[in-house]
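This report is written for a reader who has not seen this structure before. Please keep the sequence and the model in view while reading.

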Amino acid sequence: MSALAATRGRSSHLTGAGPLTRLALRRDKIMLPVWVYALSVSVVSTALSLEKLYGTAAERADFARSMSANNSLRALYGPVLGDSVGALTAWRMMAFGAALTGVMSLLIVVRHTRDEEETGRQELLSSAAVGRRAPLTAALCTALTANILVAALIAGGLAAVGQGAAGALALGLALGATGMVFAGVAAVAAQLTESARLARGITAAVIGAAFIVRAAGDASAAGGRSPLLWLSPLGWPEQVRPYAGDRWWVLLLPAALTAAAALGAYALTARRDLGAGLLATRPGPVAAGRALRGPYSLAWRLQRGTLLGWLAGLAFAGAVFGAVAHGAADIVGDNERTQDIFERLGGSHGKAGITDAFLATITGMLGLTAALYATGSVLRLSGEEAGGRAEPLLACAVGRLRWAAGHLVIAFAGTAAVLAAGGLAMGLAYGATAHDISGRLPRVLAAVLAQTPAVWALTGVAVLLAAALPRYAAAAWGVVGAALAVGWIGPMLNAPQWVMDLSPFGHLPKLPGPVGSAAPFLWLTALAVALTAAGLYGLRRRDVG
């Protein structure tokens, strides 16, 4: 009888998991297909592009030697483990593809766990026949569905374009398994915190740390032989070695970590109350201090932790990539195809052009990363409104525009501060390795800060959606994702200019290098101002909540 009761108890904890999973898939009917399509198509398109660019085995072997001999590019993309089209595709897409599947998974899991509790919807659902572990199960099943689709479409797409089926399956499973690792990490973070924003921040910090450890390992040793790669979940996909041996047993590592994280999340679920986190929020003072007497100081208090975390993260990333940038000039310079690739990235012939192209790629990455911070900072407006915390403020002597302006000042000024931190760290590290800090630091810092108008343009889109069209505020992440996809994949695929112009970053000059006209910077800044003004006008005209 006791065994039967225990079995019934365990099953009751999962009651309603199936309907909740179907509800989650229905709610993600736009976001999930966009992520799956973008990830799978980018991998298959890269294979087609590489096959077109390097049609013979000799050309591919020459290109592979050039890429694998340089620690800067290994830090950015990982090692080149073969000279087939499939192996080059794995080299180009593995590092960033694995990180993006992790981002996709964390957004899905936090959306259907902590977001639901924070807005009160989970409490409403839990009043019906819904088990305690059913929401977490539904979130993990939704993430599993997305990662299975990514793995299947990548494997099927690569096989369909003529690449080996075994290597295609290994590549797809490596990316999908990595996504599930960070789904498990997000599930644990959602149990620890009371804030969806903090849960996303913790998981994103884990992804960033894993990427940095992976980059440091690849920069230190060729061929994926560094022990650091085994310490990073983003290093495990490389160790699977798609199209270069297909080491299937490595997939047991992400599977084991995913299972451990999921079990840990289930155990933590039983130890907390609905809506609460295991890391209790520290109670504040009885009376607010003088530094907390207005909407601007309140916005700073709410967002300072996130901003400081992003400052530290981009500074660390900039220092790592700046330290390896000087080695980019060691790439074989007489390879015409290699030179063509670097010219498309923004460089010119010669060692200085190669280094500038590498730095231009990194500055673009820092700009896209800062856009993620800016979007999240603006969407704090939607979070405050949806959580019912904005209405009491607006019932006092605080106008809507003042309330919104407090968060927008943090978003726009914080963007510049985050970019400045990344550019300063990268310039110092690059200048130190080149023994020319005074000459290299200003160029690199200016190149990174030049990304600010493009980031502000995307921030303006987020303001328009969050302030004027709050029901579609989450679409701001899709806009940033589209810009990231264009900037990341477009140069490699030699995309036409009209495609590159869809991203605000496509209008900026490739810096450091020739600056050209100041018109793009002015137009993008004006666009950001116009979008922000339109969003604030919409906020004044609509009902709050």
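## Basis of the report

The structure is a predicted model, in which local features need pLDDT of at least 70 and side-chain atom pairs count only at pLDDT 80 or more, while totals for chains, interfaces and linings use all residues. Residues are numbered from 1 along each chain as its sequence is written, and side-chain values use heavy atoms, with hydrogens and water left out.

## The chain as a whole

The protein chain has 24 helices and zero strands. Helices (H or I, at least four residues) and strands (E, at least two) are DSSP runs, numbered from the N terminus.

Of the 545 residues in the protein chain, 50% are buried. Buried means under 20% relative accessible area, exposed means over 50%, and partly exposed lies in between, with a 1.4 Å probe and protein chains only. The accessible surface of the protein chain is about 23300 Å², and carbon and sulfur atoms account for 67% of this surface. The areas come from the Shrake-Rupley method with a 1.4 Å probe, and for residues only the protein chains shown count as cover.

Among contacts in the protein chain with a separation of 6 or more, 77% join residues 24 or more positions apart. A contact means heavy atoms within 4.5 Å.

Two packed helices are described by the angle between their axes and the distance between the axes. Axes are lines fitted to C-alpha atoms, for helices over the stretch in contact, and angles run from 0 to 180 degrees between N-to-C directions. Angles under 35 degrees count as roughly parallel, over 145 as roughly antiparallel, 65 to 115 as roughly perpendicular and the rest as oblique. A crossing is right-handed if the near helix is turned clockwise from the far one by less than a right angle, and left-handed if anticlockwise. For residue classes, Ala, Val, Leu, Ile, Met, Phe, Trp, Tyr, Cys and Pro count as nonpolar, Asp, Glu, Lys and Arg as charged, and the others, Gly among them, as polar.

Helix α19 covers residues 400–433 and packs with helix α21, residues 452–468, at an angle of about 155 degrees, their axes being 10 Å apart. The two helices α19 and α21 are therefore roughly antiparallel, and α19 passes α21 in a right-handed crossing. On the α19 side the contact includes Leu 408, Phe 412 and Leu 419, and on the α21 side it includes Val 455, Trp 456 and Val 463. By class, this contact of α19 with α21 has seven nonpolar, three polar and no charged residues.

With α20, helix α19 packs at about 150 degrees, and their axes are 8 Å apart. That pair, α19 and α20, is therefore also roughly antiparallel, with a right-handed crossing. Gly 423, Gly 427 and Gly 431 are among the α19 residues that meet α20, where Arg 440 and Leu 441 are among those taking part. The contact of α19 with α20 divides into 14 nonpolar, three polar and one charged residue. For helix α14 (residues 295–325) and α19, the axes come within 7 Å and cross at roughly 20 degrees. That makes α14 roughly parallel to α19. The contact of α14 with α19 has 24 nonpolar, eight polar and one charged residue, and α14 passes α19 in a right-handed crossing.

Ser 377 is found in helix α16, residues 351–378, and counts as buried at 3% relative accessibility. Beyond its neighbours within four places in sequence, Ser 377 is in contact with Gln 303, His 407, Ile 410 and Ala 411.

Thr 375 also lies in helix α16 and is buried at 1% relative accessibility. Leaving aside neighbours within four places in sequence, Thr 375 is in contact with Ala 462, Ala 476, Trp 477 and Val 480.

## Backbone features in loops

Most residues other than glycine have a negative phi, and most peptide bonds are trans. Arg 241 has a positive phi of about 55 degrees although it is not a glycine. Arg 241 lies in the loop between α12 (236–240) and α13 (252–269) and is buried, with a relative accessible area of 17%.

His 435 is not a glycine and has a positive phi near 55 degrees. His 435 sits in the loop between α19 and α20 (437–449) and is exposed, with a relative accessible area of 73%.

The peptide bond from Leu 511 to Pro 512 is cis, with omega near 5 degrees. Pro 512 is in the loop between α23 (497–500) and α24 (519–541).
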